[in-house]
Amino acid sequence: MNDDRSSPSVFLEHQSYRRNRLADAARLLPVIGAAVLAVPLLWPSADSAQVVAGEVEAVPMSTAILYIFGAWAGLIGLSVVFGMAARRWGQPDGPQRPGQG
Amino acid sequence: MGRHVLLVEDEPNITEAIRFLLSRDGWTVNTHASGTDAVEVIRVARPDLVILDVMLPGKSGMDILRDLRDLDELNDMPVLMLTARGQMRDRDMAEKAGASRFMTKPFSNTEVLNAVRDLHAQASQS
Amino acid sequence: MASLNMLIFVCISYVVLLFIVAFMADRLAAKGRTTWLRSPIVYTLSLSIYCTAWTFYGAVGYAARSGLEFVTIYLGPTLVMIGWWWGLRKLVRIGRSQRITSIADLVSSRYGKSNLLAICVTILAVIGVTPYIALQLQSITLSFSIFSEADPSGATYSETATVFWVAAGLAVFAVLFGTRNLDANERHHGVVTAIALEAVVKLFALLAVGVFVVWGLSGGIAETMARIDASEIGQWQMKSGRWTAITFLAAAAFICLPRMFQVMVVENDDERHLRTAAWAFPLYLLMMSLFVVPIAVVGLDLLPAGSNPDLFVLTVPLSQGRDGLAMLAFLGGFSSATSMVIVAAMALSTMVSNHIVMPIWLSYRGDGGASVSGDVRSVVLLSRRVSIAVIMGLGYSYFRLSGGGTALASIGLISFTGIAQILPALLGGIFWRGATKAGALAGLSVGFGLWVYTLLLPGLGVGLVSEAVFQQGPFGLSWLRPQALFGITGLDPLVHSVMWSMLLNAAAFTLVSLFSFPSPIERLQGAQFVNVFDHSSGPRGWSGSVAQVEDLMIMSQRILGAAEAQALFRRQVILQGGRGHLPDPTPTFLQTLERELSGSVGAATAHAMVGQIVGGSSVSVQDLMAVADESAQLLEYSSQLEAKSTELARTARQLREANEKLTQISLQKDAFLSQVSHELRTPMTSIRAFSEILRDTSGLAEDEHSRYATIILDEAMRLTRLLDDLLDLSVLESGQVTLNMREGVLMDVLDQAVSTVLAGADSPLRVKRRRVGENVVLKSDLDRLAQVFINLIANAQKYCDAERPELTISAHHIGGQLVVDLIDNGSGIPTDVQAMVFEKFARVNAEKAGGAGLGLAICREIMHRLGGDVTYLSGQSGGAFRVTMPLSLPKLAELAAQ
């Protein structure tokens, strides 16, 4: 009996595991976003002492634009993925019924 | 050879009718009207034939018949049962109790005479 | 060329188009055909009212001045949207399940439906948003002025008049489509559809200008990038405090702005739209900001120094002679301004009307607020319309007073900071059950006060706060300087204000909440808000990740019984396609289990039990209340069951009795028929026998002949008597007997009975009577009564076995009844047959036959009909019968005695 109990369907375990990780991701997404968008804070600003002293080169605006808009688009992409995942797992009786996997 | 019949019947008019009929047919007719001591009366009288009414005061005809059949000396005594309740149940009970013949009131006189003669004839042969 | 008149014509045409769209959408919604009106795309587009004219025009100016800092305004909302699963989903669910009409309503509802809080939030919102509305009006005016300058015809143009008419027009639009009717859900499909259209227009306009700038003026992406790097904002330059603070502010304002709350929560048709908006709206924002920097850089390049960078979106195309593009850009800005103003006015008017005007009006009415009805609807609508007009008026006045100068430009962030003060109370309200009304009030007050002191007053600048206060602090207290609280100097004023106001706001909110005690309704509302996903319908389910299936099994066995629980679990395992005895704790399984359990213990209890084991939620106040309710219901149910089972037992007993009675009756019927048969056959036997004798026997003696004939006669008469008696009894028993009730004296009745019996009787029965007691007047069927007495006396005559038979008849009263005892001096009836003497055909002594044995049965029937009874008196010396009958008229008896 114990053997039976410890080995439920692999598919189901996989499925519920995936759902829980998706819920984690949902909570993590804005945190990741905030972290990624805080990265420019680490860049040397054009008016900082180091840049003025010529020790470090300031980040060109085009690079900044590419980074920020790239990160932005990446977040949107993640959000799309998560939204689709949420749609699937929001309907557990839908297309992913047990046995169809 | 006198033929002796004992009639146990509580209705005096019926008793009188039967006594009249059988007397004229050559029988010696004794009558008794109570159920209580009927067995004893029969045992003592030792008739050739008993005509027994079912509904008797004190003791029913069925019980009397059963008691008669339990007695060794009387178990082959011909008994003609009379009853006013013509139901099959009574007939069955009577046969079980060991009645030789069963008649339902009202009967025709000829029937009674025939029955009595038959019974006597059978008893004599055996 | 772009004449001002042309512009006005386009503008009015556009407004008419919006009117038509809004009108059609309302019509469609009224018909219930709202499928596409309720699409997630429309929802997403409606969120775009976040992008006002300030962001449409201002973002470019912002970029021209401060580089990429402008994106923070968009990054904040982006973070909120991609975290929708956490926050917005809950907000929307609460809004829907609690029927929230505004942010003020939400806060007030959460904290025990406190109107004081609602008023605070409303005032805060009005103060924060009014300048913002003025800003929109300014943007429209400015854009008009640009065209006016470029107008070759040199048409006259009055700035003041324009602003007034724009404000009035927007007010009319908001009134028409925002307060046309009172919708229970506060949804306005017309307005939402119109602003969705405007969202498309403004995005399209900005993209068009951007494309023109990048490919038309700069020659491609690479060239544009080079141009950017070469410009005066070509290097990354950022004050990290502002970057963080503004991102935070924008996120907070995105949630707390009344207009955002209106479109995001109140107008939300379907929670699932958030799923789409979560990526679509950030995408919209991204596209809105994509070309901002290029436009700014190109504007700085092309236009003479000193040009207002806030209007580059218009002036760059105009300077290149692209009037059509400029017109489109103008429409985009116009759309941004109008959509914001309309929704903001609607949202604010709802708040003002619901939380300030209506309470005051109702209390002025004085005659019991709740009892007024009927005219309330029209009053609400009127108050909303007036509120919209007043708010637009305020915006207009603010615009006029501030002179429409540059002071307005900074108002956007100031406004955001004010509105963001609601955030602690809001977030605390939906995530922390310990938040109290006192805490919310304290936090709001502290935040509001600090905002006004550190940002609003200094921001409005000149005149309101003296220079001395700025330099030395109020009353010379230097640590209270508005822009350097607690002696911390050198901070950006905005960062300074955001930091202190939010920090102290949140601290006050938390501390006061911790030390105050919520009222019951606050606690209830708190539980409903914080645990909204457990209580509301919609996507609901357990996430069974940590479910202890074994614990569930144990619990289920206790409730359902071992065999049934195991069968249930087994079925689930098979359903899930697994093996073994325990299924996976999938939400489906947990819900099935909950349903099964709820059959035994009630839904709320089952939910709480599963919840406790799965650990998904704590038991809430509402859960407990529901449990209590169900327990009460169960108690009531069980007492009902008890009552029913008693009733059932009673019915079963009655059925059993009825059955016994039926069996008895059936037996009695058989016995009766058998008896009748016997009683009929016996005389017939004699009759037949003697008839045959008479017929067949010749030579009968004369006396024999006559004797036999007499016997036949006697027996025939016996038969007749028997039939008479049977008939009599049957009539009596069936109740069809008609009683001939009349008055008479008992003595006469007895006289008649005695004489009837004794007449012609040969047996010597002596009847002893006590005539004193017999002088009683009766109302009865005297003939029937006499029949009873005759029967009883005849019985005594027949059966009394004494040597000198005597019958004593005595009458007396016992307990209001007349009792006549007839007692003879014989041996009486043996005890064992006493019970059956009244039964039909019961004959104690068969030897003295003659009657059919029906006499006493008939007597008893008669006495029952007459309301009395006849019983055998045991314990007397002889046979003793007692006749009782009701002594109905004692007065008459006395009269008769006189």
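Me: Which residue follows α4(B), and is its phi positive or negative?
Reply: In this predicted model, α4(B) is followed by B:G98. The phi of B:G98 is positive, near 105°.

Me: Which residues of helix α4(B) are buried?
Reply: Helix α4 of chain B covers residues 88-97, and its buried residues are B:D90, B:M93, B:A94 and B:A97.

Me: What makes these buried residues line one face of α4(B)?
Reply: Looking down the axis of α4(B), the buried residues fall within an arc of 100°, so they line one face of the helix. The spacing can be read against a general rule: an α-helix has 3.6 residues a turn, so residues three or four places apart point the same way.

Me: Which residues are on the face turned away from the buried side of α4(B), and what do the buried ones pack against?
Reply: The face turned away carries the exposed residues B:M88, B:D92 and B:K96. The buried residues pack against α3 (61-70), β4 (79-83) and β5 (101-104) of chain B.

Me: Why does B:M55 count as buried?
Reply: The cut-off for buried is 20 or more other C-beta atoms within 10 Å. B:M55 has 21 C-beta neighbours inside 10 Å, and therefore counts as buried.

Me: Where does B:M55 lie, and what is B:M55 in contact with?
Reply: B:M55 lies in the loop between β3 (49-53) and α3 of chain B. With neighbours within four places in sequence left aside, B:M55 is in contact with B:S60, B:G61, B:A84 and C:H678.

Me: Why is α1(B) called oblique to α5(B), rather than parallel or perpendicular?
Reply: Helix α1 (residues 12-24) and helix α5 (residues 109-125) of chain B pack at an angle of about 55°, with their axes 11 Å apart. That angle makes α1(B) oblique to α5(B). Roughly parallel needs an angle under 35 degrees, and roughly perpendicular one of 65 to 115.

Me: Is the crossing of α1(B) and α5(B) left-handed or right-handed, and which residues meet there?
Reply: The crossing is right-handed. From α1(B), the residues B:I18, B:L21 and B:L22 meet B:N109, B:V112, B:L113 and B:V116 in α5(B). By class, the residues of this contact are 6 nonpolar, 1 polar and no charged.

Me: How many helices and strands does chain B have, and in what order do they run?
Reply: Chain B has 5 helices and 5 strands. From the N terminus on, they run β-α-β-α-β-α-β-α-β-α. Of the 126 residues of chain B, 44% count as buried.

Me: What does chain A consist of, and what share of chain A is buried?
Reply: Chain A has 4 helices and 0 strands. Of the 101 residues of chain A, 22% count as buried. Among contacts in chain A with a separation of 6 or more, 63% join residues 24 or more positions apart.

Me: How many residues of chain C are in contact with chain B, and which element gives the largest share?
Reply: In chain C, 18 residues are in contact with 17 residues of chain B. The elements giving two or more residues to this side of chain C are α30 (621-696) and α31 (702-734). The largest share, 14 residues, comes from α30(C). By class, the side of chain C that touches chain B has 6 nonpolar, 6 polar and 6 charged residues.

How values were computed
Residues are numbered from 1 along each chain as its sequence is written. Chains are lettered from A and ligands numbered from 1 in the order in which they are written. This is a predicted model: local features need pLDDT of at least 70, side-chain atom pairs count only at pLDDT 80 or more; totals for chains, interfaces and linings use all residues. Two residues are in contact if their C-beta atoms, placed from the backbone, lie within 7 Å. Ala, Val, Leu, Ile, Met, Phe, Trp, Tyr, Cys and Pro count as nonpolar, Asp, Glu, Lys and Arg as charged, and the others, Gly among them, as polar. Axes are lines fitted to C-alpha atoms, for helices over the stretch in contact, and angles run from 0 to 180 degrees between N-to-C directions. Angles under 35 degrees count as roughly parallel, over 145 as roughly antiparallel, 65 to 115 as roughly perpendicular and the rest as oblique. A crossing is left-handed if the near helix is turned anticlockwise from the far one by less than a right angle, and right-handed if clockwise. A residue is buried if 20 or more other C-beta atoms lie within 10 Å of its own, exposed if 12 or fewer, and partly exposed in between; C-beta atoms are placed from the backbone. The arc is that of the directions from the helix axis to the C-beta atoms.
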